[in-house]
Amino acid sequence: MLYGGSREEVPLQDELDFVREYIELMRIRLPRYVAVKVELQEGVSGMMIAPLMFIPLVENAFKHGVSNDSQSFVIIRILVDGDRVTCGTVNSYFPKARDYDRSGSGIGLANLVRRLDLLYPGKYEFRYGQEGGEYIASLSIDLSKPEHHET
């Protein structure tokens, strides 16, 4: 992770492999009654992306989507359409009480937005929020390279 995180861009396939391994690690820790559905694009080649763009969404889905004593679910999809890659998460929503949650500083999404503004200005769409008992996040990034015109 540290090696990939220090590079400006990594192959999208490497990023998807990292997400897949992270999800498998999380599955080991989950109670049996947590439903996890995953759909990750297969056969991606040639596309590059800034490292660790999807991990904040995936981490949050598990952090806030899993209850130790209630039925819960996490759905993660990362798909490619042309030059656009979209990461969507939907999870049951069990907000952590601020007074008791020491697992993070709560700035993961704010940091993600700052990175997106720096790395993909005008080339991304990011929506997130609670809808009923679910939390939904969707990040779509245009990974196309600008065309160079010779004069």
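# Helix packing and selected residues

Author: In this predicted model, the axes of helix 2 (residues 12-29) and helix 3 are 11 Å apart and pack at an angle of about 15°.

Reader: Why is helix 2 called roughly parallel to helix 3?

Author: The angle between helix 2 and helix 3 is about 15°. Angles under 35 degrees count as roughly parallel. Helix 2 is therefore roughly parallel to helix 3. The crossing of these two helices is right-handed.

Reader: Which residues of helix 2 and helix 3 meet?

Author: From helix 2 come F18, V19, Y22, I23 and M26, and they meet I55, V58, E59 and F62 of helix 3. By class, this contact has 8 nonpolar residues, no polar ones and 1 charged.

Reader: What residues make up the contact of helix 3 with helix 4, and how do they divide by class?

Author: P56, L57 and N60 in helix 3 meet G108, L109 and L112 in helix 4. The contact has 4 nonpolar residues, 2 polar and no charged. Gly counts as polar, so G108 belongs to the polar class.

Reader: Why is G43 called exposed?

Author: The relative accessibility of G43 is 68%. Exposed means over 50%, so G43 counts as exposed. G43 is placed in the loop between strand 2 (34-40) and strand 3 (48-49). C-alpha to C-alpha, G43 is 7.7 Å from Q13, though the two are 30 residues apart in sequence.

Reader: What makes L52 partly exposed rather than buried?

Author: Buried means under 20% relative accessible area. L52 has 23% relative accessibility, so L52 counts as partly exposed. L52 is in the loop between strand 3 and helix 3.

Reader: What is the phi of L52?

Author: Phi of L52 is near 60°, which is a positive value in a residue other than glycine.

Reader: How do you know that I136 is partly exposed?

Author: The partly exposed class lies between the buried limit of 20% and the exposed limit of 50%. I136 has a relative accessible area of 25% and is therefore partly exposed. I136 belongs to strand 7 (residues 134-142).

Reader: Which residues does I136 contact beyond its sequence neighbours?

Author: With neighbours within four places in sequence left aside, I136 is in contact with T89, V90, R127, Y128, G129 and E131.

Reader: What is the chain made of overall, and how many of its residues are buried, as a percentage?

Author: The protein chain has 4 helices and 7 strands, in the order α-β-α-β-β-α-β-β-α-β-β. Buried residues account for 34% of its 151 residues. Of the contacts between residues at least 6 apart in sequence, 70% join residues at least 24 apart.

Technical notes. Residues are numbered from 1 along each chain as its sequence is written. This is a predicted model: local features need pLDDT of at least 70, side-chain atom pairs count only at pLDDT 80 or more; totals for chains, interfaces and linings use all residues. Side-chain values use heavy atoms; hydrogens and water are left out. Buried means under 20% relative accessible area, exposed over 50%, partly exposed in between (1.4 Å probe, protein chains only). Contact means heavy atoms within 4.5 Å. Axes are lines fitted to C-alpha atoms, for helices over the stretch in contact, and angles run from 0 to 180 degrees between N-to-C directions. Angles under 35 degrees count as roughly parallel, over 145 as roughly antiparallel, 65 to 115 as roughly perpendicular and the rest as oblique. A crossing is left-handed if the near helix is turned anticlockwise from the far one by less than a right angle, and right-handed if clockwise.
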